[in-house]
Amino acid sequence: MGGGEMSIFKTHCARMDHGGCLLSVTVEDNKIVKIAGAKEGFLNKGYICQKGLASAEKLTHQDRLLYPLKRVGARGENRWRRISWEEALGEIAANFLRIKADYGARAVAFCVGMPKGLEHFLLIRLANIFGSPNVVASQDVCHAPREITGLHTCGFYPVVDLHHRSELLMLWGSNATATNEEGEICSLLIEQVKSGTKLIVIDPRRTSLAKRADHWLRVLPGGDCLLALGMINVIISEGLYDKNFVENWTIGFAELAAAVREYSPENIAAKCGVDAPAIRLAARAYAEAKPAGLHWGNAIEHLSDTFSITRALICLMAICGNLAVPGGNVEANDPPIMGLGKFVRADLIPDKRKEMISNHYGVIPRLMTVAPAYFRRAIVEEVPYPVKAAYIMCANPVVNYADTAYSLQAFAKLDFIVCADVFLTPTAALADIVLPVATQYEINDIGHYGLGHGYVLARPKVVEPPAECRPDGQIINELGKLISDPQLWHENHEDFLTDLLAPTGISYEEFVKVGYLKGDDSFWGYRENGFKTPSKKVELALSVAQKFGLDALPVVNDRQEATSAAFPLLLTTAKSEFYLHSSCRQLPSLRKHSPFPTVEISRSCATKYGIGEGEEVLIHTAHGSITQTARFNDDLYEGVVVAASGWWFPEDKSTPLFALLKANYNALTSVKNMGKEYATPNLRAIPCRIEPARG
Ligand SMILES: Nc1nc2c(c(=O)[nH]1)N[C@H]1C(S)=C(S)[C@@H](COP(=O)(O)OP(=O)(O)OC[C@H]3O[C@@H](n4cnc5c(=O)[nH]c(N)nc54)[C@H](O)[C@@H]3O)O[C@H]1N2
Ligand SMILES: Nc1nc2c(c(=O)[nH]1)N[C@H]1C(S)=C(S)[C@@H](COP(=O)(O)OP(=O)(O)OC[C@H]3O[C@@H](n4cnc5c(=O)[nH]c(N)nc54)[C@H](O)[C@@H]3O)O[C@H]1N2
Ligand code: SF4
Ligand SMILES: [Mo]
């Protein structure tokens, strides 16, 4: 590679969101000089976003971590000593083995963030082999609700099928043109809309797709469960449901019909913020379009009643006959690669479910990661048992977990913290050992494995990493040999790529040439053996509800906080198209588009509170206060405030934790009112108050 010549490589984008765009990357002297979207990309068809264009900047950034560090000052003081890899791995192994001997393997937690690549599953393998059931993930607010509610309701995770034409697409709390969501790039969606597919958008903000939509339902933050039940009410009371499907392939229809009776559009309009006629029109449009696809976003799982919302939405898909049909919501089958259980060696830890921290709280069955709230409680309160150490990889929990104060309390109490990252983040700043990683473009990787998207994408490396930056997979493989049975690890970590592809009969090199592997479509799969639920039907009323202490039917609960005189406005958030969560604020060509955190409010709301455009605003909730800069957005309801998430200031090296507490949205959130099924806190629909920050 390099050597003065210019070469063009094809690889799939990764680690800037869930990934998926095929890129054409020009490399000169081991340096990326140009990135473009590749036309033949099966998800992106030439599309590339601003983050993709800027992605190589992180590789050569002046702040990049270049060698392992060991803490020398007090925790969080940001004083370090450069150490060798041998010393770093030796130290980690000694501490993990010491803690295992004193408290058991379960006292070591393995923390991941948004799944980025194969290392996510290698870390689960490491936890399993080491003997710890505690893999901590942000699944509480990302995808577990829709996936696992799907498994319980219809036996699979129903993803929108954008590869076949839908007559209508309904985007529920998803800003697909800015976020591209997991496994879907917005280009396929836009292609459909351009060719006449109708669009419903359910969002408190008028997103770019809301502007193009036939129906924009400006829901109030947190009004989603009501709205979904209201739509089901219309579809049932007006007889618009798919009678044949309901009769033959569902159970609990009569109970569902009875449960939604009180949620007529007229009854719920004021509470959810959408007029009754608009609810009726949208419900009819969704029910009458054949097929219609429902693309759901993060908003539905950033609310403590996410279990009911996801249940209601799957019921909606089912009664309208949109499950398992082309252009509807489908089960994505993987190509014949190695199964996940085998790859992560689930067999070595058969009692995992019983042993996991979250089992103590009776979370929903089949949730196989520990929710961040319970992980921190195990550290702080030592319930159900103490957690003493954490290996943190591809995650920045101090910024991204709800309830920042609680995170700081927990991380201060941990005995030993390892953080593997590209940059020194606020989380890394609290670690005992920091590991510098090789990342996107510098490692051979397989994308979308284990995520239920129905395909895997090749992400071959195109440049060599800096001398001491190592792939996460390599670090895990070497650490594995030191803290567990070396026989279960490879000589070379890249052999795991070969293992994974072995059942397909092709090598990694051949995989790179074909670019991706997709599983077969299986529409109407249930006709042969039924749905993979206990009743073999879609369970509109859950047959296992009583056994597992779940609500049989979607219900509106009272876990959301109510507005009050002290906190009269409703706060919510949306992701920035220029950043990935807390990442990328270092990259100049992204930062220039969004230099500081902004809070969107309507002009009338601003006037009421004496706030001018561009002025600093103090945002208060019952849980904390932060400052962001006002930006007017007159498409918002007057009572709605939309603040930016994920902020810290990497350039502010003199303020503790890079000024984390100045503007971080999660300082406004709390883990007090969580849904019990997934331990999901309210990240949205939080009562707040605003005032000018001046003087
Ligand atoms: N308030 C609020 N909180 C949220 C959300 C929200 O919308 N609002 N969204 C939630 C959601 S959906 C999610 S998924 C989580 C995400 O939470 P995280 O996954 O923690 O998100 P990131 O901020 O992207 O942090 C990832 C870290 O991984 C590092 N990284 C990047 N590439 C690599 C690599 O190759 N190897 C290693 N070792 N590290 C790497 C980055 O530098 C970054 O510091 O946050 C959740 N928290
Ligand atoms: N640019 C960028 N892309 C990303 C990410 C990123 O951080 N940045 N993160 C990646 C990850 S891990 C994920 S999970 C996906 C998430 O992708 P999305 O699901 O699109 O996530 P968000 O932008 O958090 O929320 C989507 C929409 O919800 C709206 N919203 C806010 N409150 C409510 C509410 O109460 N109800 C309803 N119905 N809508 C509401 C917001 O206005 C926003 O337009 O994106 C992935 N892609
Ligand atoms: S949309 Fe996602 S996968 Fe595509 S270029 Fe942007 S960051 Fe990369
Ligand atoms: Mo996510």
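This is a predicted model: local features need pLDDT of at least 70, side-chain atom pairs count only at pLDDT 80 or more; totals for chains, interfaces and linings use all residues.
Lys70 lies in strand β4 (residues 69-71) and Glu91 in helix α2 (residues 85-103). Helices (H or I, at least four residues) and strands (E, at least two) are DSSP runs, numbered from the N terminus. The two residues are 21 apart and link distant parts of the chain. Lys70 counts as buried, at 19% relative accessibility.

Across the whole structure, the search finds 35 salt bridges (a side-chain nitrogen of Lys or Arg within 4 Å of a carboxyl oxygen of Asp or Glu). Residues are numbered from 1 along each chain as its sequence is written. Local features need pLDDT of at least 70, side-chain atom pairs count only at pLDDT 80 or more, and side-chain values use heavy atoms, without hydrogens and water.

Arg284 pairs with Glu238 in a salt bridge, with closest N and O atoms 2.7 Å apart. Arg284 sits in helix α12 (residues 276-288), and Glu238 in the loop between α8 (224-237) and α9 (243-249), so the bridge ties together parts 46 residues apart in sequence. Arg284 is partly exposed at 29%. Glu238 is partly exposed at 30%.

Lys481 is partly exposed at 24%, as is Glu478 at 25%.

Salt bridges also form a network, which links Arg15, Glu119, Asp445 and Arg459.

How values were computed. Chains are lettered from A and ligands numbered from 1 in the order in which they are written. Buried means under 20% relative accessible area, exposed over 50%, partly exposed in between (1.4 Å probe, protein chains only).
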